[in-house]
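Subject: Structure for you to look over

Dear colleague,

Please find below the structure that I promised to pass on, together with my notes on it. I would be grateful if you could read the notes with the model open beside them.

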Amino acid sequence: MNLAFGILQGLMVLILAPFFAGFVHRLKQRARGQKGVSPFQYYRNLYKLLKKETVLSKDATLVSYLAPFMYLLPHILLGFMMPFFYGKPLLAPTNPILITYLMALAVFFLTLYALDQASSFGGLGSSREWFLSSLSEPAFLLLLFSVCLYSKEWDLSIAFLKLGQEVQSLILGYTQHFSVSIPFLLIISLFVLMLAENARIPFDNPETHLELTMIHEANILEASGRHLLLFEYASHLRLTVFLSLISILIFPYIAQEPFYFLLAFALYFLKMLLLGSVLAFVESINAKMRLFRLPNILSVAFVLSLLTLILSMGV
């Protein structure tokens, strides 16, 4: 039974990923005074890309054929590894090093694809992508270690489950030892890292068409057809994974029994819509920053993650 619900949880996250990305895009358009596309528009875009022909550079090698699939694969695995709303995911146990490694592996193949196309914009985008990743991934690793230290559990799926049980005990008045400051710092740090890792404003503008300012989009500028479909879908999954991790920290209600599966999913869906609204608001009131000012923001996330790690050692 747990195996079936673990698979079902992963499939629901995979299916809903384009919807959450489309929901954020619609809210941003409405904030700009536009009519706004449907939240289901990204499903239509993916379907159109499925029917289009894939065109590759004359200099492309076997790497260009494999890289789109290898960029998508780590994100699919992440969808089945984390307890987004059900406490027994399909691929458990997981640990901070494995999660960070999968994130970095996806970026590695993305930049390989960009370099293999032998275009000037691909080299520019890949160097910028690694510039940001080298600053954000240490902070992300510290953040996950903080969660493990705080819950005294190396397996992240159990660590998040314990965090949820502590919040429920606090609400019911059974415990007085829950530290509010640690989840608060984790949420702020993870939100900043989510903006950086998903190329969102102020780090990058996913809607821009100005090649000289692109970061993530410059890597897939030469992609077309089914290869572009895989890159776009993986980007939606990456955003959904980060938003889901924040949703667990905000109100970590995770079902431990199949009977509570639907209730936990309903709460998860509401939390994702709320977080999508916050993300759209933050992106609507900010502008894209210059590249060399971005390390200042990421250094704040690193300091917050380090502070959380130190506080977690004393709990």
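Residues are numbered from 1 along each chain as its sequence is written, and side-chain values use heavy atoms, with hydrogens and water left out.

The mean pLDDT (the predictor's confidence in each residue, from 0 to 100) of the protein chain is 87, and 94% of its residues reach 70 or more. Among the elements, helix α6 (residues 156-172) has the lowest mean pLDDT, 74, whereas α2 has the highest, 95; helices here are DSSP runs (H or I, at least four residues), numbered from the N terminus, and strands are runs of E of at least two. Where pLDDT is low, the predicted coordinates should not be read in detail.

The largest pocket holds about 900 Å³ of space. A pocket here is found on a 1 Å grid over the protein atoms alone, as an open set of points where a 1.4 Å probe fits, with protein on both sides within 12 Å along at least five of seven lines, and lining residues have an atom within 4 Å of a point; grid points are joined across faces, edges and corners, and the volume is the space filled by probe spheres set on the points. Of the 39 residues that line this largest pocket, Y42, P206, E207, E217 and E232 are the closest to its centre. Helix α9 gives the most to the lining, with six residues. The lining divides into 19 nonpolar, ten polar and ten charged residues, where Ala, Val, Leu, Ile, Met, Phe, Trp, Tyr, Cys and Pro count as nonpolar, Asp, Glu, Lys and Arg as charged, and the others, Gly among them, as polar.

Buried means under 20% relative accessible area, exposed over 50%, and partly exposed in between, with a 1.4 Å probe and protein chains only.

Turning to the backbone, most residues other than glycine have a negative phi, and most peptide bonds are trans. The bond from I201 to P202 is cis, with omega near 15 degrees, and P202 is placed in the loop between α7 (181-197) and α8 (216-219). That loop between α7 and α8 also holds A199, whose phi is positive, near 55 degrees, and which is buried at a relative accessible area of 10%. A118, in the loop between α4 (96-116) and α5 (120-151), has a positive phi near 60 degrees but counts as exposed, at 53% relative accessibility.

Finally, A196 in helix α7 is buried, with a relative accessible area of 8%, and touches S136, F203 and L298 (heavy atoms within 4.5 Å), not counting residues up to four places away in sequence.

With best wishes

Terms used. This is a predicted model: local features need pLDDT of at least 70, side-chain atom pairs count only at pLDDT 80 or more; totals for chains, interfaces and linings use all residues.
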